[in-house]
Amino acid sequence: PDGDSIVYEICAPLQGADQNSPMPQPPNSPPYFPILWQSPYSMSNPFGGVPLSIDPQTGILKATPSNSGQYVYGVCAKEYRNGVYLGETKRDFQANV
């Protein structure tokens, strides 16, 4: 009723934790920088197979990993009110295939 909408998109996961320090104590401080991708991986192709896609209205993801492994990707949810950008929430996800 108030004209709000959410638009979902793939975004870059951020650096911070890693396999050697999965939960740093104390947590790392901002600023947080995007991870650096190694070929053939990228923000739009984090599984190295068929590129990851997301429905911008529902947030439903589609992916077809070509190999088993541990993968990371990011999702941003951008909020708009009557077409005016209000803010966004970013989340990083890990997928074990």
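Predicted model: local features only at pLDDT ≥ 70, side-chain atom pairs only at ≥ 80, totals over all residues.

Residues are numbered from 1 along each chain as its sequence is written, and side-chain values use heavy atoms, with hydrogens and water left out.

**Stop 1: the sheet.** Select β1, β4 and β5. They form an open sheet in the order β1-β4-β5, with antiparallel pairing. Its edge strands are β1 (4-11) and β5 (84-96). Strands here are DSSP runs (E, at least two residues), numbered from the N terminus; two of them pair if DSSP finds at least two bridges between them. Now take β4 (residues 70-81): eight bridges join it to β1.

**Stop 2: the hairpin.** Select β2 (residues 50-54) and β3 (residues 61-64), antiparallel and joined by three bridges. Ser53 has Lys62 as its bridge partner. Between the strands lie six residues, and Gly59 takes a positive phi near 80°.

**Stop 3: the charges.** Show side chains. There are three salt bridges (a Lys or Arg side-chain nitrogen within 4 Å of an Asp or Glu carboxyl oxygen). Pick Arg81: its closest N and O atoms with Asp2 are 3.5 Å apart, and with Asp4 2.5 Å. Asp4 lies in β1 and Arg81 in β4, so this pair ties together parts 77 residues apart in sequence.

End on Glu9 and Lys78, at 3.2 Å, N to O. Lys78 is buried at 19% relative accessible area, while Glu9 is partly exposed at 30% (buried is under 20%, exposed over 50%, partly exposed in between, with a 1.4 Å probe and protein chains only).

Notes:
Helix = DSSP H or I, 4+ residues; strand = E, 2+ residues; numbered from the N terminus.
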